[in-house]
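Open your viewer, get your selection tool ready, and follow along stop by stop. Each stop tells you what to select and what you will find there.

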Amino acid sequence: MVMEDKIKEISQIILEAKKVVAFTGAGISAESGIPTFRGKGGIWEKYSPAIYGNLPGLALTFLLRPKKLLQFITDAYETFSRAQPNPAHLALGRLEKRGRLSSVITQNIDNLQERGGCRNVIKLHGDLYRLRCLKCNTQRPLDPTNFGLALQELGSTQPGRFGMIQKIREAIPRCLDCGGWMRPDIVFFGEGLPQDEWLHAQSEAQSCDLMMVIGTSGLIQPAASIPYLAKSGGATIAEITQERSPISPFVDYILLGKAGEIMPPIVEAVEKGLPKQKIR
Ligand code: NAD
């Protein structure tokens, strides 16, 4: 089937479905300038995930190579803070606004789904723009501007190793409730998923009629089981991806290409099919 026909059929399913859910991964944000996990130029090409992808590895780097840790955080901050929602994020935002998208289950930590207009975002791997207390689990938003300024200040000083350890220690945000150290509220390798989000995602997957799987390699478990849950609940699965994934053999539609080019025409076709008063 050619791309135009697939887009037509999927938009028709969206118009007729009781519940549509999107499941997204790093690929949806690639066109925003955030490299995918395994993509070229990705952060893990420069920094080993075995060290920088978990808290014990980061803590050890803090003690042994604090300047390298600062460089890692600064690189990650610069990549994420430059990114803006792309046409795929905006298309999902429009679909939700039209009442045709129940939720987005995302593995991403970049906040671009919300900035693209989606309100119902289930974040399986946390949020880079949120902090969580290591002691009492209180959460609070991270102020990206202040964080960027603190990084700049740290980067402009040239103390020795112990001096740098001290400076980073002083810069780590503290919990306003109990004074504990705050960590990024993201799921590092080896950590469990947030329970409420996981249960919510499972329930959305099991009860949808259509799941759009966008830009994920489907390799990171348990998140990767979400499309299979949807399929076993009877949903139609449409995969939008640049390369085939382990999910591809199970899907009903596969649309190969960039999410930022494929999602807008799907949503435009849905909008054409909606009664006029539904389009604001
Ligand atoms: P992945 O990197 O393993 O796979 C990305 C998939 O997206 C690939 O299958 C690729 O073919 C596809 N893709 C690449 N560019 C695309 C485009 N423009 N349009 C459509 N598809 C495209 O990603 P994953 O499965 O999400 O697993 C990576 C893990 O790393 C996740 O847990 C995620 O939390 C994390 N991560 C997040 C971000 C982010 O928040 N933006 C970025 C990198 C990694």
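Select Pro 222 first: this residue sits in the loop between strand 7 (210-214) and helix 11. Helices (H or I, at least four residues) and strands (E, at least two) are DSSP runs here, numbered from the N terminus. Now look at the link from Gln 221 to Pro 222, where the peptide bond is cis, with omega near 5°.

A word on what you are viewing: this is a predicted model, in which local features need pLDDT of at least 70 and side-chain atom pairs count only at pLDDT 80 or more, while totals for chains, interfaces and linings use all residues. Residues are numbered from 1 along each chain as its sequence is written, and side-chain values use heavy atoms, leaving out hydrogens and water.

**Two loops with positive phi**

Next, pick Asn 111, in the loop between strand 2 (103-106) and helix 7. Asn 111 is not a glycine, yet its phi is positive, about 75°. Then move to Asn 137, which you will find in the loop between strand 4 and strand 5 (139-141). Asn 137 also has a positive phi, near 70°, in a residue other than glycine.

**The cavities**

Rolling a probe the size of a water molecule over the atoms shows where empty space is left. On a 1 Å grid over the protein atoms alone, a cavity is a set of points where a 1.4 Å probe fits but cannot get out; a pocket is an open set with protein on both sides within 12 Å along at least five of seven lines; and lining residues have an atom within 4 Å of a point. Grid points are joined across faces, edges and corners, and a volume is the space filled by probe spheres set on the points.

How many cavities of 30 Å³ or more does a search of the whole structure find? There are two. The largest cavity holds about 60 Å³ of space. To see its lining, select residues including Thr 106, Asn 108, Asn 111, Leu 112, Val 121, Lys 123 and Asp 127. Helix 7 (112-115), strand 3 (121-123) and strand 4 (126-133) are the elements that each give two or more residues to this lining. Helix 7 has the largest share, with three residues.

The lining of the largest cavity then shows three nonpolar, five polar and four charged residues.

For the second largest cavity, with about 30 Å³ of space, select Pro 227, Tyr 228, Lys 231, Ile 237, Ile 247, Phe 250 and Val 251. Helix 11 (residues 226-232) gives the most to this lining, three residues. By class, the lining has six nonpolar, no polar and one charged residues.

**The ligand**

Now click on the ligand. Display the distance from a polar side-chain atom of Ser 217 to an oxygen atom of the ligand: 2.6 Å. At Ala 259, a backbone N or O atom lies 2.9 Å from a nitrogen atom of the ligand.

**A salt bridge to finish**

Side chains of opposite charge can pair when their charged atoms come close. The model has 10 salt bridges, each a side-chain nitrogen of Lys or Arg within 4 Å of a carboxyl oxygen of Asp or Glu. Select Lys 19 and Glu 204, which form one of them, with their closest N and O atoms 2.7 Å apart. These two residues are 185 residues apart in the chain, with Glu 204 in helix 10 (residues 195-207).

Methods: Ala, Val, Leu, Ile, Met, Phe, Trp, Tyr, Cys and Pro count as nonpolar, Asp, Glu, Lys and Arg as charged, and the others, Gly among them, as polar. A polar contact is a pair of N or O atoms within 3.5 Å; within protein, one must be able to donate a hydrogen and the other to accept it, and residues adjacent in sequence count only if both atoms are side-chain atoms.
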